[in-house]
Amino acid sequence: MAYQSYETYQKDDSKLLKGILIGAALGAAVAMLDRSTRQSMKQRSIGVKDTTKNLARTVKDDPQSLTSGMKETFQSASTAVNDVVEDVKHLMNTVDSVKNTGMQAVEQVKGAGSEVAKIGSKLKDAGQDVKEHSQDTVAEFSDKNSTSPTSTSGPSYAELDNDPHVVGRNQGN
C-alpha cells in the first residue's frame, strides 16, 4: 500500500468536501422542484422566524426573567450533579468498607487456620503423651507382675487362702 503525503491527502480531502457540498446543493435544488416540499420548507422557516422573534422580544422586554430562569435551570442541574456526586462517594465508601471487611474476614480465617493448626499440634502431642504414658504403665505393670515367683497370671490359691479379706476355696460353702 502506497502512503500519500500530507499535501496529497489534503487535496483529496478538499475534493471530497467540495463534492459533498455540491451534491447537497443539487439535492436541495431538486427537492425544491416539488411543490409540497417548498410549502413545507416555507412553513418551517416561518415557524423558526416567529420563535426567534419571540425569544428576542422576551430577552429585550424582560431580560431578568430569562436570566432567573436560566439560573434556576443551572441551579437545579448543579444540585442534581452534586447529589449524584454524593451518591457516588457514598457508594465508593460502601465498596471500600465491604472490601476492607472482606480483607479482615480473610485475615481472620487465616488466623483461625493457624489456631486450628496449633490446636491440632497440641492434640497430637497430647495423644503422643497418652500413648507413651500408657505404654510405660503397661510396661511397669508387666514388670511388677513378672517379679512374682509363683505365677505371672496373678496370686496363687495359697496366697488367697492366707489373705483375711478374700474368701478361700473351702470357706465359701
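Let's start at one residue: valine 84 sits in helix H3 (residues 63-146). The model is predicted, so local features need pLDDT of at least 70 and side-chain atom pairs count only at pLDDT 80 or more, while totals for chains, interfaces and linings use all residues. Residues are numbered from 1 along each chain as its sequence is written, and side-chain values use heavy atoms, with hydrogens and water left out.

**Overall fold**
- The protein has 4 helices and 0 strands, where helices (H or I, at least four residues) and strands (E, at least two) are DSSP runs numbered from the N terminus.
- Of the 173 residues, 1% are buried; buried means under 20% relative accessible area, exposed over 50%, and partly exposed in between (1.4 Å probe, protein chains only).

**Confidence**
- The mean pLDDT, the predictor's confidence in each residue from 0 to 100, is 78 for the protein.
- Helix H2 (residues 35-61) has the highest confidence, at 89, and helix H4 (residues 157-162) the lowest, at a mean of 62.
- Where pLDDT is low, predicted coordinates should not be read in detail.

**Surface patches**
- Val84, Val88 and Met92 make a nonpolar patch on the surface; patch residues have over 30% relative accessible area and no salt bridge, with nonpolar side chains (Val, Leu, Ile, Met, Phe, Trp, Tyr) joined within 5 Å and like charges within 9 Å.
- A salt bridge is a side-chain nitrogen of Lys or Arg within 4 Å of a carboxyl oxygen of Asp or Glu.
- Valine 84 counts as partly exposed because its relative accessibility is 49%.
- A patch of negative charge includes Glu132 and Asp136.
- Glutamate 132, in helix H3, is partly exposed at 38% relative accessibility.

Key:
Accessible areas come from the Shrake-Rupley method with a 1.4 Å probe; for residues, only the protein chains shown count as cover. Lys and Arg count as positive and Asp and Glu as negative; His and the chain ends are not counted. The place of a charge is taken as NZ of Lys, CZ of Arg, CG of Asp or CD of Glu.
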